[in-house]
Amino acid sequence: MDTPPALYAEDPAWADVVPIPQYEGVSPLAPIFYTPEYKDATDYFRGILKTGETSERVLELTERIIRMNPAHYTAWQYRYKTLLALGSNLEDELRLMDMYCIKYLKTYQVWHHRRLLVTLLLPAPSTSPSPSPSSNPNPTHLQTSNPTLALLQLQEELDFISRCLSADTKNYHTWSYRQWLLSYFNHPRLWRGEVKWVERLITEDVRNNSAWHHRFFVVFASGHGEKGEDAVREEIAYAKQKISLAPNNASVWNYLRGVLDHTHMPYSTLKSFVEPYTVEQEGRSEDVVDLEDPLPSAGAELPCALAIEFLADVHEQEGGVEAVRKAVELWKSLANEYDTIRKKYWEYRIREALATQQ
Amino acid sequence: MSESPEPLPKLSRNGHALHCIRCLSGLPSSQMEMDASRLALVFYCLGSLDLLGVLESKSSNTDREAWREWVWEQQATGGYGTGFRPSSFMIGAGSNAAEYGEYDAPHLIMTYTALLSLSILRDDFSRLNRAGLLKFLEHCQRSDGSFCSFPNSTESDLRSVYCAFAISSMLDDWSGIDVPLALSFISRCRTYEGGYGQEPYAEAQGGTTYCALAAIHLAVSSPSKSLSTPPLTPAQRRQTIRWLVHNQHASGGFRGRTEKDPDACYCFWCGASLQILDVKALVDTRPLTEFLGKCQFKFGGIAKAPGEHSDPFHTYLSLAALGIYPPEIPEESWRFDTLDPLLNAKEDTARWARDNIPLKPRS
């Protein structure tokens, strides 16, 4: 096959379209020196918009523009409109987008387009907690009517996201897309596998806050996690275990605090767990293994500032002159020794605690 | 015990100003992705010159007149009201640029940056279509309270919500938007960490946390809009302050998310958030300044992290952070005028916006 000409201006297949150059008015500010290919494609794009043509070649044109500028939101907008007008196979479009999502991982539009496609391809349960990203009601003829097939497709979509995340484990768009997908389609079977899945990511990188956030979203924020005291206990045990492996990790401490706040449990519940992390590592007999309150691992850098902070909060919550005095001592140690960058913050905590006491 | 600090490098004020002047005069083809957000880039350049206090010395009256004309050229009116476009990137030669159709509509975020750019350039706003602007805001709001970036678009997140609030505040007219509905959207973006994500269920992030806090406080502080409920409960406020101060990394810079690397832009997003919460005294300015000093690019401009290339976005936000947290040192090159953290502009520029953008009562 011959390769098509680099410019539409030289392509006989486009000879019937009148290109429209970009408007030039007053002297431009921060003008961009376009490449000839971009200028040519956008000239033809403006020409197409004028006639309102929706055709296969428009799909090719918008794709070319997107490859040169994935943030060109009008090209995306018109591409979507054209796909609908042509009744194109959206499954094919989704597969094409697999490539672009990985290539332009950091571009908002790529992920937004994907949401629109998936919304049309799959049926949304009526109990969806999240509003549809599309202002138009879903055309029913595009939807999969077979629920088993729909689940399979959703599972494929989750697998795709997993592949994207292995290329960039903290990509914000990718994670938000997964959270949207789960809450929008809200399929009980999908929620079920999520905790196990995210556990793998946390094991790979215990400081991946996106993964911790996702875990919280699945277990607590979504309303679809396992309910009851056992589930909460399990989450706390999980966090404790991760702290014991690497205590100086703000993600896991934030998670632990989140669980306690969410379930209205007092921080003092964890007092005996936290205490060994607030002091220097001492020699201990290896055969003492406390499953309930795992001790810091041998190589852990102690004392851990986040544990000291937590213990101070335990004392502050407890209240009373003696408890607040203990909290103040801990905050002083953070201010002067273990977390000096936040010295002013710890001094502020001291002032606040003493002020409430009076 | 604190060690004696190493001397700060000079802030290369002239280099940063020249970086912005260069971008205003033209961008290489590698910047084609800015095509659909050029007005925002213009704002970062003009804003940097404004913060550096060199707008008048680095440009002529004629230059500034031409710049104002270009920004006004982006104002367009159509079926969904009036706003500003990113640039003429979707307008065809020969069309009437003052009107828009289906595919070259104004953009909410660009409209916010246009109003600030024109304030920096001390425009009198006699050409502003205020009624059109209110109508535009109304058309951008969605049923869940969020705002789309342009009418009928399905893109929406906290950035657009902030821009809609900032525009309403500058107009001193909140009739274009449903404030309680928007506030309920904002509260749905709050996470267990105490920050706000870009949309409901998403991870807490510094930039969107700024958008949420600034929007809430703009609504509360507006003289024409008295909200009876406090913006955050005491417990929420404590939690948010904690999350924000914990985002300051040992290197002095702030990060946008827990356990990520620091980035110059979050020195503004997190730093301004702390100022909005009335606790800017909690930030250690010295290491913050040291970090920003290291982010300076040798050929001008400030980069997101040491060793990276500079851009107007990180240049502006770094300088804005210094406007909030000037280092306590005699070194003249680090001096800045104070910043209005809610509108994100130099104080006198923000005042200009508030004095000139609202519809003035007929005298």
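What is shown here is a predicted model, and a reader new to it may wish to begin with the confidence of the prediction. For chain A the mean pLDDT is 90, and 91% of the residues in that chain reach 70 or more. Residues 128-143 of chain A, however, have a pLDDT below 50, although in the model this stretch has 38 contacts beyond near neighbours in sequence. Where pLDDT is low, the predicted coordinates should not be read in detail.

With 2 residues between them, E1(B) and E2(B) form a hairpin, and within it B:Thr77 stands opposite B:Thr82, a residue of E2(B).

A pair of aromatic rings is described by the distance of the centres and the angle of the planes. Over all chains the count comes to 42 aromatic pairs. In one of them, B:Trp72 and B:Phe84, the ring centres are 5.8 Å apart and the planes stand at 45°, so the pair is tilted, an angle between the 30 degrees under which planes count as stacked and the 60 over which they count as edge-to-face. This pair links distant parts of the chain, for B:Trp72 belongs to helix H3 (residues 61-73) of chain B and B:Phe84 to strand E2 (residues 81-84) of chain B, the two being 12 residues apart. Both B:Trp72 and B:Phe84 are buried.

Elsewhere in chain B, ring pairs join a cluster that includes B:Phe43, B:Tyr44, B:Tyr112, B:Trp269 and B:Tyr316. Rings also take part in arrangements with charged side chains: the charged end of B:Arg13 sits over the ring of B:Phe336, at 4.6 Å from its centre, and in chain A the residue A:Arg64 lies over the face of A:Tyr8, 4.0 Å from the ring centre.

Three single residues complete the tour. B:Asn356 lies in helix H13 (residues 347-356) of chain B, and its relative accessible area is 13%, so the residue counts as buried, the limit being under 20%. The side chain of B:Asn356 reaches the backbone oxygen of B:Trp352 at 2.9 Å, and, neighbours within four places in sequence aside, B:Asn356 is in contact with B:Asp124, B:Phe125 and B:Arg130.

In chain A, A:Thr74 is found in helix H3 (residues 73-86) and is buried, with a relative accessible area of 1%. Not counting residues up to four places away in sequence, A:Thr74 touches A:Phe45 and, in chain B, B:Phe89, B:Met90 and B:Tyr103.

A:His262, in helix H11 (residues 250-262) of chain A, has a relative accessible area of 40% and is therefore partly exposed. Leaving aside neighbours within four places in sequence, A:His262 is in contact with A:Phe216 and A:Phe220. The C-alpha atoms of A:His262 and A:Ala221 are separated by 9.0 Å, while along the chain these two residues are 41 residues apart.

Notes. Residues are numbered from 1 along each chain as its sequence is written. Chains are lettered from A and ligands numbered from 1 in the order in which they are written. This is a predicted model: local features need pLDDT of at least 70, side-chain atom pairs count only at pLDDT 80 or more; totals for chains, interfaces and linings use all residues. Side-chain values use heavy atoms; hydrogens and water are left out. Rings of Phe, Tyr and Trp (its six-membered ring) pair if their centres lie within 6.5 Å; planes under 30 degrees apart count as stacked, over 60 as edge-to-face and the rest as tilted. Helices (H or I, at least four residues) and strands (E, at least two) are DSSP runs, numbered from the N terminus. Buried means under 20% relative accessible area, exposed over 50%, partly exposed in between (1.4 Å probe, protein chains only). A charge sits over a ring if NZ of Lys or CZ of Arg is within 6 Å of the ring centre and within 35 degrees of the ring normal. Two strands pair if DSSP finds at least two bridges between them. pLDDT is the predictor's confidence in each residue, from 0 to 100. Contact means heavy atoms within 4.5 Å. A polar contact is a pair of N or O atoms within 3.5 Å; within protein, one must be able to donate a hydrogen and the other to accept it, and residues adjacent in sequence count only if both atoms are side-chain atoms.
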